[in-house]
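Here's a quick tour of a fold and its ligand site, with the cut-offs spelled out along the way. Have a look at the model first, then read on.

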Amino acid sequence: MTIRTALGIIGHPIGHSISPRFQQAALDSLGINAEYRAYDVEPDDVGAFVDSLRSDAVTGINVTVPHKEAVMPFLDEIDEWATEAGAVNTIVNRDGRLAGYNTDGYGFLRALRESGGLDPAGKSTLILGAGGSARGVVQALLRAEVGGLTVANRTLARAESLVELARSQGVAAEAITLESDRVDDAARSAQLIVNCTSLGMTHGPDETASPLRAAQIPPTALVYDLVYNPALTPLLSEAEQAGATTLGGITMLVYQGAASFEIWLERPAPVGVMMDAAMDAMRG
Ligand SMILES: NC(=O)c1ccc[n+]([C@@H]2O[C@H](COP(=O)([O-])OP(=O)(O)OC[C@H]3O[C@@H](n4cnc5c(N)ncnc54)[C@H](OP(=O)(O)O)[C@@H]3O)[C@@H](O)[C@H]2O)c1
């Protein structure tokens with residue numbers, strides 16, 4: 001494939017994204033003459049923007065909130081993970097044809113296995129949250145043959161929809177609300193706890209809130225927070241107090257970006273360079 005010059009990420013807003021920092025570092029480290037830019041695209045302009053990606057000057061883009069679903073009708077093909085997730089986070093331009101992928105589930109699993117040191121096969125798992133990222137996480141865990149799932153969410157109906165997906169694949173699953181007494185039992189018996197809510201996120205709905213307290217977290221669990229800003233989230237701080245193993249969201253972010261890089265450029269991504277640049281970006 002001819003390497004072209006333009007890569008980037010679209011979202012709205014997009015100023016907070018650290019993807020330009022670690023993707024550009026990856027391109028530069030390999031001497032690839034390409035620029036990775038952030039594009040703030042209004043929802044009404046998504047179709048026109050996606051069409052503009054068919055240009056010879058474009059290799060591909062990442063897609064983030066709130067456009068992951070909105071871009072889908074404008075693409076020529078969509079891979080299996082993205083179809084199942086109902087969301088696209090990576091688009092590649094192949095000679096004017098646009099293909100959509102979703103690398104979030106892959107990034108989640110790679111970070112869990114390589115940085116968290118845990119294979120979810122057969123593991124009892126508590127998922128906190130049931131939004132877009134939780135769907136990708138549940139999908140990835142089902143592929144990895146997770147043992148059983150409890151999904152706790154503020155809005156029960158959204159948790160129920162994820163539980164139906166799990167049960168349709170023969171995995172025992174239960175939906176509860178975040179405030180339910182059942183959260184205690186589910187946390188106590190969990191080997192893996194994953195936060196997919198935006199609680200604790202800088203500029204999110206509640207920056208200081210943790211979905212669990214230390215007393216609810218078993219020291220034997222791995223607590224994985226998808227939130228990556230701040231690095232030490234309120235949940236991870238509670239988990240540390242409980243003596244549990246912790247994993248923040250930054251490695252997932254880098255691994256999903258590395259997978260996008262490999263789709264665009266058909267060569268191995270320099271993951272170490274990307275991780276260092278992401279850490280630098282987090283430090284400000
Ligand atoms: N590390 C990574 O690579 C990565 C990738 C994707 C996402 N993330 C992070 O994951 C988080 C969630 O992203 P998303 O795309 O899933 O967002 P989303 O689709 O908007 O879902 C948000 C989730 O948070 C819950 N929530 C929001 N405000 C709440 C509150 N005040 N109290 C209780 N629950 C609340 C929502 O519950 P309801 O259903 O009741 O509204 C829902 O479950 C974000 O912080 C995002 O940055 C990280």
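## The parallel sheet

L192 in strand 10 is the bridge partner of T125. Strands here are DSSP runs of E with at least two residues, helices are H or I runs of at least four residues, and both are numbered from the N terminus. Two strands count as paired if DSSP finds at least two bridges between them. This is a predicted model, where local features need pLDDT of at least 70 and side-chain atom pairs count only at pLDDT 80 or more, while totals for chains, interfaces and linings use all residues. Residue numbers start from 1 along each chain as its sequence is written, and side-chain values use heavy atoms, with hydrogens and water left out.

Zooming out, that pair belongs to an open sheet of six strands, ordered 9-8-7-10-11-12, with parallel pairing. At the edges sit strand 9 (172-177) and strand 12 (245-247); each has a single partner strand, so one side of each has no neighbour in the sheet. On average, neighbouring strands of this sheet are turned by 15° against each other, direction ignored. For such angles, axes are lines fitted to C-alpha atoms (for helices, over the stretch in contact), and values run from 0 to 180 degrees between N-to-C directions.

Which helices lie across strand 11? One is helix 4 (residues 104-114), which lies across strand 10, strand 11 (222-225) and strand 12, at about 145° to strand 11. Another is helix 8 (residues 234-242), lying across strand 7, strand 10, strand 11 and strand 12 and running at about 170° to strand 11. Contact here means heavy atoms within 4.5 Å.

## The mixed sheet

There's also an open sheet of six strands in the order 2-1-3-5-6-4, and its pairing is mixed. Its edge strands, strand 2 (35-40) and strand 4 (77-78), each pair on one side only. Strand 1 (residues 6-11) and strand 3 (residues 58-63) pair in the parallel sense over five bridges, and G8 has I61 in strand 3 as its bridge partner.

Helix 1 (residues 19-29) lies across strand 1, strand 2 and strand 3, at about 160° to strand 2. Helix 9 lies across strand 1, strand 2, strand 3, strand 5 (90-94) and strand 6 (97-101), and runs at about 10° to strand 5.

## Around the ligand

Which residues come nearest to the ligand? Out of 22 residues around the ligand, they are G132, S133, N153, T155 and R158; a residue counts as near if one of its heavy atoms lies within 4 Å. By class, the shell has eleven nonpolar, nine polar and two charged residues. In that scheme Ala, Val, Leu, Ile, Met, Phe, Trp, Tyr, Cys and Pro are nonpolar, Asp, Glu, Lys and Arg are charged, and the others, Gly among them, are polar.

As for polar contacts (N or O pairs within 3.5 Å), a polar backbone atom of G132 is 2.8 Å from an oxygen atom of the ligand. R158 puts a polar side-chain atom 2.8 Å from a ligand oxygen, and for S198 a polar backbone atom is 3.2 Å from a ligand oxygen. The protein covers 79% of the 930 Å² of accessible area that the ligand has on its own, by the Shrake-Rupley method with a 1.4 Å probe. Helix 5 (132-143) and helix 9 (250-265) are the elements that give two or more residues to the shell.

The peptide bond between H12 and P13 is cis, with omega about 0°, and P13 lies in the loop between strand 1 and helix 1. A cis bond also runs from N229 to P230, with omega near 10°; P230 is in the loop between strand 11 and helix 8.

E145 isn't a glycine, yet its phi is positive at about 60°. You'll find E145 in the loop between helix 5 and strand 8 (148-153).

Conventions: A polar contact is a pair of N or O atoms within 3.5 Å; within protein, one must be able to donate a hydrogen and the other to accept it, and residues adjacent in sequence count only if both atoms are side-chain atoms.
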